[in-house]
Amino acid sequence: MVGLTVSSFGVYGLLVVIAILYQTELPRMVKLGLGIGRTLEPLGSFPYTYRRIQEPRLEACEDMWLSESTRQLFLACSDSLSRKEYLPNGGKFNVSGRSLRDSIVVMDLERPSGDSFDMRTLETPGFFGTDGDGRLHLVGFAGSDDEPGDIRLWVINTKPSVDPITGEFLDNSKVGANSTVELFKTGAGATTLEHIKTFFHSQIATPNKVTALGGPHDGFYYTNDHGTVKTGLGYALSPLLAKADVSFCDDTTCRTVVPGLKYPNGLVKGHDGLIYVPSASIGGIDVFEPLPDHGLKKIDHIDVDYSLDNLNVDASGDIYAAAFPIAKQILDGFNDPLNSFPAATALRIRKTLSGYEVTKVIEDRNGEVLPATTTVLHDTKTGKLFMSSVFSPFISICDEE
Ligand SMILES: *[C@@H]1O[C@H](CO)[C@@H](O)[C@H](O)[C@H]1NC(C)=O
Ligand SMILES: *[C@@H]1O[C@H](CO)[C@@H](O)[C@H](O)[C@H]1NC(C)=O
């Protein structure tokens, strides 16, 4: 539209542009991105004590999951400084700057140690990784322990694309990453992850987070946060043009079950069996009912006026959401993760007889203690909140006062 003046373009043209902008919800994205009209509260307004746990193994932990049966907290951690170089979900493809130390870390919540808990990095013996390097490239993951002590993890691995003959990296900024979902098994006192299978399919294109069916099934729902176009203009415009989706994989194939979404983020299956899908670009949570063929039928929308990242369910069925009060601060923070302390918010979504009740449980206006929070996990047994981040070099633990 460069060079077009309003007079030559005409009032109708202008109205069309405005209509399109509203259709794409661009104004809402800008409002949430900049936190316009929002009142932020300092940490001291909430009844918690809090501390940072800063140590190399707990860097850039995008996601967490709690095994209730074994009291082990699993974290998907990476390297703070490498996130700005290689993060396919963020359109960053500098393969030589990728993290070489991503791992699933476990904390034993029944074994306190100093300010924190006993923790270990899980080995993945025999896992092939990228062209045999055994490595993982972690973002979101999900777990299930419906049989006590028998834990499965569905782990998104955003590994780079390589030439299968020469083993050389392809130009990932053109072809995109070669993401898969890796199914691992482990149990109580976990020290290793046993690799069970790789889900590899063209529909696993821009996977962000998984939620598993559990029970006897290995199937799972996941969000393709930008849909199936992995790079370039189509990728960049996906949130505006609603090209993202929720997809489903079972042992045989993968398929889209909800197309036409705007930046769907960390989805979760509720204790009610419904699938909750938050949006990073326009906020809010869409609620879906799974159909017998694993299709999803939209049955509700929870109005949440925040850009949202991962959702997690606690033992009592409440959903905890990592919300970005000023999303732009998060985007900026990737460039200087060790010195960026964006405002952070945790929301609780509780199902009541009259609908969903959304409550702010903690907020850190000034980034005093909380990381650039992308996951909030509530431990019902102790009341603790664990908060971790895709790029911050620490996690935070909050105790009820
Ligand atoms: C890619 O990452 C490497 C290693 O961190 C860095 O030296 C290089 O400058 C980066 N390249 C670009 C184009 O940013
Ligand atoms: C993508 O990953 C699959 C499964 O891990 C592997 O078989 C295939 O060779 C990879 N392709 C590219 C282009 O990296």
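**Ligand shell, an antiparallel sheet and a salt bridge**

In this predicted model, the shell of residues around ligand 1 comprises three polar residues, one charged residue and no nonpolar residue. The residues concerned are E85, N94, S96 and G97. The protein buries 31% of the 360 Å² that ligand 1 exposes when taken alone. For N94, an N or O atom of the side chain is placed 2.4 Å from an oxygen atom of ligand 1.

Strands of a sheet pair through backbone hydrogen bonds, in either a parallel or an antiparallel manner. An open sheet in the model consists of four strands in the order β8-β9-β10-β11, and the pairing is antiparallel. Strands β8 (138-147) and β11 (194-199) form the edges, each pairing on one side only. On average, neighbouring strands of this sheet are turned by 20° against each other, direction ignored. Within the sheet, β9 (residues 150-157) and β10 (residues 180-186) run antiparallel and are joined by seven bridges. W154 has L183 in β10 as its bridge partner.

Side chains of opposite charge can pair when their charged atoms come close. A total of 27 salt bridges is found in the structure. One of the salt bridges links the side chains of R28 and D305, with an N to O distance of 3.0 Å. R28 belongs to helix α3 (residues 26-34), whereas D305 lies in the loop between β19 (296-302) and β20 (307-313); the pair therefore ties together parts that are 277 residues apart in sequence.

Note on methods: Residues numbered from 1 in each chain as written. Chains lettered and ligands numbered in written order. Predicted model: local features only at pLDDT ≥ 70, side-chain atom pairs only at ≥ 80, totals over all residues. Heavy atoms only, no water. Near = heavy atom within 4 Å. Polar contact = N/O pair within 3.5 Å; in protein donor to acceptor, adjacent residues only side chain to side chain. Areas by Shrake-Rupley, 256 points an atom, 1.4 Å probe, with all protein chains shown as cover. Nonpolar A, V, L, I, M, F, W, Y, C, P; charged D, E, K, R; others polar. Pairing = 2+ DSSP bridges. Helix = DSSP H or I, 4+ residues; strand = E, 2+ residues; numbered from the N terminus. Axes fitted to C-alpha atoms, helices over the stretch in contact; angles between N-to-C directions. Salt bridge = Lys/Arg side-chain N within 4 Å of Asp/Glu carboxyl O.
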